[in-house]
Amino acid sequence: MALTHVFKPIMIGKVEIPNRIVRAAHDTGFGSPDLGEAHIAYHAARARSGCGLSVLEASSVHPSSRLHVALFGDTIVPAYRRLMDAVRPHGMRVFQQLWHGGNLYPAFDGSAPWDVSDRPGYWGMVGKTMSRRDIAELQAAFVTAALHAQEGGLDGVEVHACHGYLFHQFLSPYYNTRDDDYGGSFENRSRFLFETVRAIRKAVRAEFAVGIRLGASQAPGGVSEDDNKRIVRQLEAEGLIDFLDVSRGDYYRMDTMVGSMQNPMGYELPSTADIAAVATVPRILTGRFRTLEEADQVLREGSADLVSMVRAQIADPDLVRKTREGRADQVRPCIACNQGCIGGLF
């Protein structure tokens with residue numbers, strides 16, 4: 001079948017993406033404070049193949065929640081510049097995902113992370129309930145991380161507001177037990193998210209892309225598809241986002257976030273396409289897409305404007321190039337066994 005959509009360029013805000021294939025943010029196993037040469041080489045390999053957009057893995061904006069890459073140190077801007085020197089000649093655009101894990105990951109010093117309330121997370125960790133001063137400090141940290149990405153030559157940022165992390169915890173009526181302006185009603189529970197995105201949008205240049213990753217939870221009392229649609233409508237009404245990236249699930253159903261071989265192609269679409277349908281900005285969807293033909297089908301149907309293919313490009317970094325050259329039969333397929341990727345990380 002002819003590929004009618006997948007190689008068409010698209011604008012995300014003022015950033016031109018050369019085609020519709022995306023690598024959504026994912027833990028590479030190579031992350032370090034200065035990104036590291038292996039990390040840069042990993043992204044450069046997919047850039048050489050012709051991937052249109054990569055979103056760098058979830059990275060900590062503040063010491064109160066730890067992941068491999070810290071966006072608040074002195075090393076990140078020069079590291080970004082080394083990365084962009086490696087990928088820019090090949091045309092791939094690069095965004096950074098901005099993250100805080102809430103009650104799921106400890107602080108960098110091993111102490112309790114900052115959290116919306118004192119309810120334990122899925123792994124039993126109890127965080128430090130954030131004060132208003134903490135909230136303001138963390139919002140400033142998100143802005144600083146976005147400015148670092150801009151200074152380092154990246155093309156945009158994505159605020160991670162799903163998968164059960166801190167923004168999801170604020171949105172959740174189960175985790176958010178606050179009795180101040182950040183708890184109770186949906187308006188209050190979403191206040192932290194909207195204030196943060198507004199601050200980022202105000203701080204960065206107009207040509208720098210700002211987007212958000214959203215998704216519904218399957219946990220009792222979790223964040224629903226309708227909650228997500230309400231967020232999308234308000235973000236767009238205020239002109240705060242240039243793109244929407246929709247996933248599904250959280251640590252309550254890890255198998256939903258990264259579907260294994262029992263899940264069919266596009267298994268997330270009943271949830272993600274429902275949320276994305278209310279958006280007018282470009283929409284990125286995920287869901288175990290294995291070939292460019294499958295991605296093209298979703299684009300033709302109008303459910304998405306770009307399609308994320310992460311594990312498929314782990315299995316074969318040259319997936320895009322081989323397919324463009326008419327050698328799709330030579331692509332090493334991802335069989336969704338989750339052994340060489342997620343299994344390798346853990």
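Is tyrosine 251 buried or exposed, and what is its relative accessible area? Tyrosine 251 is buried, with a relative accessible area of 13%. The model discussed here is predicted.

**Phenylalanine 142 and phenylalanine 167**

- The rings of phenylalanine 142 and phenylalanine 167 form a tilted aromatic pair, with 5.2 Å centre to centre and 55° between the planes.
- Phenylalanine 142 belongs to helix H3 (residues 132-151) and phenylalanine 167 to helix H4 (residues 166-171), so the pair ties together parts that are 25 residues apart in sequence.
- Phenylalanine 142 is buried at a relative accessible area of 0%, and phenylalanine 167 also counts as buried, at 2% relative accessibility.

**Tyrosine 165 and tyrosine 251**

- Tyrosine 165 and tyrosine 251 form an edge-to-face aromatic pair, with 5.6 Å centre to centre and 70° between the planes.
- This pair links distant parts of the chain, 86 residues apart: tyrosine 165 is in the loop between strand E8 (156-160) and H4, while tyrosine 251 is in the loop between strand E10 (243-248) and helix H8 (254-257).
- Tyrosine 165 counts as buried, at 10% relative accessibility.
- Both tyrosines belong to a cluster in which ring pairs link Trp99, Tyr105, Trp123, Tyr165 and Tyr251.

**Charges over rings**

- Arginine 119 places its charged end over the ring of tyrosine 174, 4.4 Å from the ring centre.
- The charged end of arginine 324 sits over the ring of phenylalanine 7, at 4.0 Å from its centre.

Note on methods: Residues are numbered from 1 along each chain as its sequence is written. This is a predicted model: local features need pLDDT of at least 70, side-chain atom pairs count only at pLDDT 80 or more; totals for chains, interfaces and linings use all residues. Side-chain values use heavy atoms; hydrogens and water are left out. Rings of Phe, Tyr and Trp (its six-membered ring) pair if their centres lie within 6.5 Å; planes under 30 degrees apart count as stacked, over 60 as edge-to-face and the rest as tilted. Helices (H or I, at least four residues) and strands (E, at least two) are DSSP runs, numbered from the N terminus. Buried means under 20% relative accessible area, exposed over 50%, partly exposed in between (1.4 Å probe, protein chains only). A charge sits over a ring if NZ of Lys or CZ of Arg is within 6 Å of the ring centre and within 35 degrees of the ring normal.
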